Amino acid sequence: MPSSAEIAAKYDNIILLPQTNQLLGLYSIIRDSQTRRPDFVFYADRIIRLLVEEGLNHLPVEPKTITTPTGLPYDGLDFQGKICGVSIVRAGESMEQGLRECCRSVRIGKILIQRDEETALPKLFYEKLPEDISDRYVFLLDPMLATGGSAMMAVEVLLSRNVMPERIFFLNLLAAPEGIETFQEKFPQIKIITGGIDEKLDEHKFIVPGLGDFGDRYYCI
Ligand code: URA
């Protein structure tokens, strides 16, 4: 099976977290079917923090010189650009806290997309977004990029609110090559920031080897 890094190398807009021993250890815990909910939440949250920090690395900065308590100057950087989060309900809400821990009082919008019972296609049920979202960089939050159907519909909503595609970063913990392919073909300017890329989707559209249903494991006992 090709590694996440080998798969990521095939795509232009994939940013894969460095596959360090720490990260692989965290994934080994959350992927394990024997891991109980408190540990799943704790270790998934650690990965979410890493994804958010990586996303923040892609925002613009300007040089800024400050004075330290020793009275000497330090040539540093000033963060530019307003951000907001948009979670795809329900699983994406698990990533909101990680974003808040890195960006105090960040605005977070929500999009609810569910399968339409009649057509079996994803359907937009609800959206609540910051009014000034078109002035912001947007971290789109959904832990699993499987087929990409919900994420693509969420992006359509953001674009309809005049968010510039190059200002959207899609953060997820695990992606399937099929989802990456479809998403990138449709939105080549949008960066996907992920912690792992798995082999494929199975016949139920689950990522394999994967970690199961993220929302169930994060929210249900
Ligand atoms: N959503 C999940 O929670 N798990 C998958 O494997 C695919 C989509």
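This note goes through a predicted model point by point.

1. Basis. The model is predicted, and its local features need pLDDT of at least 70, side-chain atom pairs count only at pLDDT 80 or more, and totals for chains, interfaces and linings use all residues. Residues are numbered from 1 along each chain as its sequence is written. Helices (H or I, at least four residues) and strands (E, at least two) are DSSP runs, numbered from the N terminus.

2. Ligand shell. Around the ligand are Met-144, Ala-146, Phe-206, Ile-207, Gly-210, Asp-213, Phe-214 and Gly-215. A residue is near a molecule if its C-beta atom, placed from the backbone, lies within 6 Å of it. The shell divides into 5 nonpolar, 2 polar and 1 charged. Here Ala, Val, Leu, Ile, Met, Phe, Trp, Tyr, Cys and Pro count as nonpolar, Asp, Glu, Lys and Arg as charged, and the others, Gly among them, as polar.

3. Gly-210. This shell residue is found in the loop between β13 (207-208) and α7 (214-219). Gly-210 counts as partly exposed because it has 19 C-beta neighbours inside 10 Å; a residue is buried if 20 or more other C-beta atoms, placed from the backbone, lie within 10 Å of its own, exposed if 12 or fewer, and partly exposed in between. Gly-210 touches Leu-174 and Asp-198, leaving aside residues up to four places away in sequence. Contact requires C-beta atoms, placed from the backbone, within 7 Å. Gly-210 and Ile-30 are 180 residues apart in sequence, and their C-alpha atoms are 9.6 Å apart in space.

4. Helices α2 and α3. Helix α2 (residues 21-31) packs with helix α3 (residues 37-56) at an angle of about 145 degrees, the axes being 9 Å apart. Axes are lines fitted to C-alpha atoms, for helices over the stretch in contact, and angles run from 0 to 180 degrees between N-to-C directions. On the α2 side the contact is made by Leu-26, Ile-29 and Ile-30; on the α3 side, by Asp-39, Phe-40, Tyr-43, Ala-44, Arg-46 and Ile-47. These residues divide into 7 nonpolar, no polar and 2 charged.

5. Nonpolar core. The largest such core has 54 residues, and Val-138, Leu-140 and Leu-171 have the most contacts inside it. A nonpolar core is a set of buried Ala, Val, Leu, Ile, Met, Phe, Trp, Tyr and Cys residues joined through C-beta atoms within 7 Å. Residues touched by Leu-140, not counting those up to four places away in sequence, include Val-86, Ala-151, Phe-169 and Leu-171. In soluble globular proteins, nonpolar side chains tend to be buried together.

6. Gly-81. Gly-81 sits in the loop between β3 (73-79) and β4 (82-89). Gly-81 is exposed, because 11 other C-beta atoms lie within 10 Å. Beyond residues up to four places away in sequence, Gly-81 touches Leu-59, Pro-60 and Tyr-137.

7. Cis peptide bonds. The bond from Val-89 to Arg-90 is cis, with omega near 10 degrees, and Arg-90 lies in the loop between β4 and α4 (96-102). Val-208 and Pro-209 are also joined by a cis peptide bond, with omega about 0 degrees. Pro-209 belongs to the loop between β13 and α7.

8. Positive phi. Asn-162, in the loop between α5 (149-160) and β9 (168-172), has phi near 65 degrees, a positive value in a residue other than glycine. For Lys-205, phi is near 65 degrees, and the residue lies in the loop between β12 (200-201) and β13. Lys-205 is exposed, with 12 other C-beta atoms within 10 Å.

How values were computed. Contact = placed C-beta atoms within 7 Å.
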